[in-house]
Structure formats: C-alpha cells, structure tokens
Amino acid sequence: MMVTTVSTSRLKALDFFSPSRAVVESARLLAQAAIADLDRFESVEVDFSGLRGISSSYFNAFFGDVGRVLGSTVLRTRLHCRYETKGQGDLAGRSLDAVLRSLDGPATQTA
Amino acid sequence: MQSETVPLRQFYQAVGDQAAPITRLVRRHMEINADTEIYLGVALSEAAQNIEDHARSSIGGVWCARYLSGSKQVRVAVVDHGIGIAGSLAALSPGIDDVEALRRVVRGGFSSKSLARNMGLGVSNLCANVKHLRGDLAIVSGAAAAVMTAYADPIRFEPLPCRFPGTAIFFRLNVIDPD
C-alpha cells in the first residue's frame with residue numbers, strides 16, 4: 001500500500017555522483033532516487049551544491065528521466081532544486097526548459 | 001611562477017572528475033571562486049560530452065592545458081578525430097556545410113539527436129561559459145572555424161582553406177593578478 005504524506009524528501013546530488021563514473025550515469029542514479037521519493041513524498045528537493053565537472057547532459061538526463069516517468073507537471077510543481085551558484089542554476093534552467101519543451105511541445109512556457 | 005603543463009590525456013567518456021587536473025592548474029594560477037570553477041568545469045565537460053555523444057572518433061578525445069608564465073594565460077585544447085560537427089548534423093540536415101553547422105550549434109537549440117537526451121545545448125553552453133570567464137575561444141571543425149574573443153561580439157564564422165579531420169576546441173583564459 002502506498003503511503004502518501006505531506007512532506008518533503010531532500011536529496012543531495014553529490015551523494016549520487018562518483019568521480020569515476022560517467023557524468024550521465026550519475027544523473028540517472030539521482031533521477032531514480034528522485035522518482036522513488038516522489039512516489040512517497042509530496043515534494044522532493046534536490047541540492048546540487050558541490051558538484052563539479054557536470055554538463056548540460058547531466059541535467060538533460062536527470063530532468064528527462066524524471067519527466068518521462070512522472071510527467072512535466074511533476075517536474076514543474078513537485079521537484080524543487082537548489083543550486084550552488086547562479087551559473088549552475090542557469091545551466092540547469094536551460095536544460096529544464098529544453099526537457100519541458102521536448103515533453104510538452106514548443107508552446108510550453110516555463111518558470 | 002614558471003609555466004606548467006597538464007599532459008595530454010585521452011578519454012572516451014565524460015567522467016566525473018575528468019576536468020579536475022585542468023581546474024587545479026587554473027586554480028594554482030588564478031584566484032577563482034566556486035562560480036568560476038563551475039563555469040570552467042562545465043566548459044570542459046561540454047566538450048568531453050560532445051565527443052562521447054557525437055564525434056564517433058576512433059581515438060576518443062584528447063586534451064591538455066598549459067599555463068604560460070610569459071603571457072600569463074592558461075590555454076586549453078580539446079581535440080577529436082571524428083566526423084566533425086557537420087558530419088554529425090548531416091543525419092538531420094543532409095548537405096549542411098561546415099560553416100552553417102558550426103553557426104547552428106553555437107547558437108544552440110540544434111542537435112543531431114545522436115541520443116534522446118541531446119538538446120543542442122552543449123556547444124552554446126561551452127561558448128557562454130568561456131565568454132563568462134572572459135576567455136578567447138576557437139572551434140575548428142572540418143573546413144570551418146568559429147572564433148570568439150573576450151571583448152568582441154559577435155562570434156566570427158569562417159571557412160578554412162584546408163580541412164581539419166575532426167573537431168578541435170581551443171580556449172585561453174587570461175590570468176588576472178589579484179592586486
């Protein structure tokens with residue numbers, strides 16, 4: 001039986017990141033954890049601080065995997081991200097916009 | 001401070017700590033904060049990821065970096081021996097020439113979609129991040145070059161008289177003395 005609680009799960013991206021693993025594989029592991037927690041919690045907050053050496057493909061894979069499984073509405077409303085710097089946030093924001101466009105079509109407006 | 005080199009390194013995949021030796025080289029010669037370090041890491045990681053995803057390079061990629069004490073610059077080169085940007089985009093845009101292919105990927109939002117997760121952001125992010133670092137950048141692919149200088153807009157796109165067998169990315173950062 002699924003138990004739904006009004007609560008937030010907090011994940012640290014760094015816990016799913018290995019220096020010796022492909023960057024995209026680390027993103028996929030984080031996405032799996034976020035998907036599992038979105039099934040049990042009202043919202044999931046992911047903290048990306050401390051990550052180095054990641055690219056747009058990291059965020060493409062992370063947002064893409066979550067979006068393909070749970071849909072774009074969940075990406076917009078229940079997944080919350082904390083970034084270490086403005087630059088990291090800008091990088092992730094461009095990926096999120098691109099993923100949302102690919103999920104919903106070009107007319108999508110994103111926050 | 002003497003000149004210093006990060007030796008040539010070959011890779012086939014964009015891996016987590018790949019850029020660390022180059023980042024450390026830059027950090028030894030420049031005062032950089034977390035934001036700057038992330039911009040630099042992203043630039044390097046985008047270059048490596050593009051090689052993994054699109055280049056089909058038999059040798060993968062190679063990169064190296066050098067701090068030059070005379071000119072007070074850090075210079076980075078990332079090179080592959082693959083099909084080039086136009087070769088990669090040709091699957092979706094048959095007949096596209098090297099200059100137009102470079103122009104499109106630099107602008108962003110245009111991808112060969114070698115993989116489902118490709119969104120066409122890599123090269124445009126690379127350019128944006130080097131620009132943010134106030135660096136100069138040159139990308140050579142096939143018979144075309146894109147040249148970006150720190151304080152000049154726009155990026156120049158030029159045909160080349162000879163053909164480079166793959167894609168090469170060069171950028172240099174000027175070391176700014178703390179005082």
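Of the 111 residues of chain A in this predicted model, 49% count as buried (under 20% relative accessible area, with exposed over 50% and partly exposed in between; 1.4 Å probe, protein chains only). Chain A exposes about 5200 Å², with areas taken from the Shrake-Rupley method with a 1.4 Å probe, where for residues only the protein chains shown count as cover. Four helices and three strands make up the elements of chain A, which run β-α-β-α-α-β-α from the N terminus. Helices (H or I, at least four residues) and strands (E, at least two) are DSSP runs, numbered from the N terminus. Contacts (heavy atoms within 4.5 Å) with a separation of 6 or more in chain A come to 77% from residues 24 or more positions apart.

Residues are numbered from 1 along each chain as its sequence is written, chains are lettered from A and ligands numbered from 1 in the order in which they are written. Local features need pLDDT of at least 70 and side-chain atom pairs count only at pLDDT 80 or more, while totals for chains, interfaces and linings use all residues; side-chain values use heavy atoms, with hydrogens and water left out.

Strand β1 of chain A (residues 5-12) contains A:Leu11. A:Leu11 is buried, at a relative accessible area of 10%. Residues up to four places away in sequence aside, A:Leu11 touches A:Phe16, A:Leu30, A:Ala33, A:Ala34, A:Asp37, A:Val44, A:Glu45, A:Val46 and A:Asp47. A:Ser102 lies 91 residues from A:Leu11 along the chain, and their C-alpha atoms are separated by 25 Å.

Helix α2 of chain A covers residues 56-70. Its 15 residues should span 21 Å at 1.5 Å a residue, the expected span being 1.5 Å times one less than the number of residues. The end C-alpha atoms are 21 Å apart, in agreement. Twelve of the 15 residues are buried, so α2(A) is largely enclosed by the rest of the structure. The buried residues include A:Tyr58, A:Phe59, A:Phe62, A:Phe63 and A:Val66. A:Ser56, A:Asn60 and A:Asp65 are also among them. A:Gly71 follows α2(A) and has a positive phi, near 95 degrees.

In chain B, helix α3 (residues 84-89) holds B:Ser88. B:Ser88 is buried, with a relative accessible area of 8%. Beyond its neighbours within four places in sequence, B:Ser88 contacts B:His54, B:Ile83, B:Ser112 and B:Ser114.

Helix α4 of chain B (residues 98-107) packs against α5(B), with axes that come within 6 Å and cross at roughly 70 degrees. Axes are lines fitted to C-alpha atoms, for helices over the stretch in contact, and angles run from 0 to 180 degrees between N-to-C directions. The two helices are therefore roughly perpendicular (65 to 115 degrees; under 35 is roughly parallel, over 145 roughly antiparallel, the rest oblique). B:Val105, B:Val106 and B:Arg107 of α4(B) meet B:Val123, B:Ser124 and B:Cys127 of α5(B). By class, this contact has four nonpolar, one polar and one charged residues (Ala, Val, Leu, Ile, Met, Phe, Trp, Tyr, Cys and Pro are nonpolar; Asp, Glu, Lys and Arg charged; the others, Gly among them, polar).

Most residues other than glycine have a negative phi. B:Lys72 has a positive phi near 55 degrees. B:Lys72 lies in the loop between β2 (61-68) and β3 (73-80) of chain B and is partly exposed, at 35% relative accessibility. B:Arg134, also not a glycine, has a positive phi of about 60 degrees. The loop between α5 (122-132) and β4 (136-148) of chain B holds B:Arg134.
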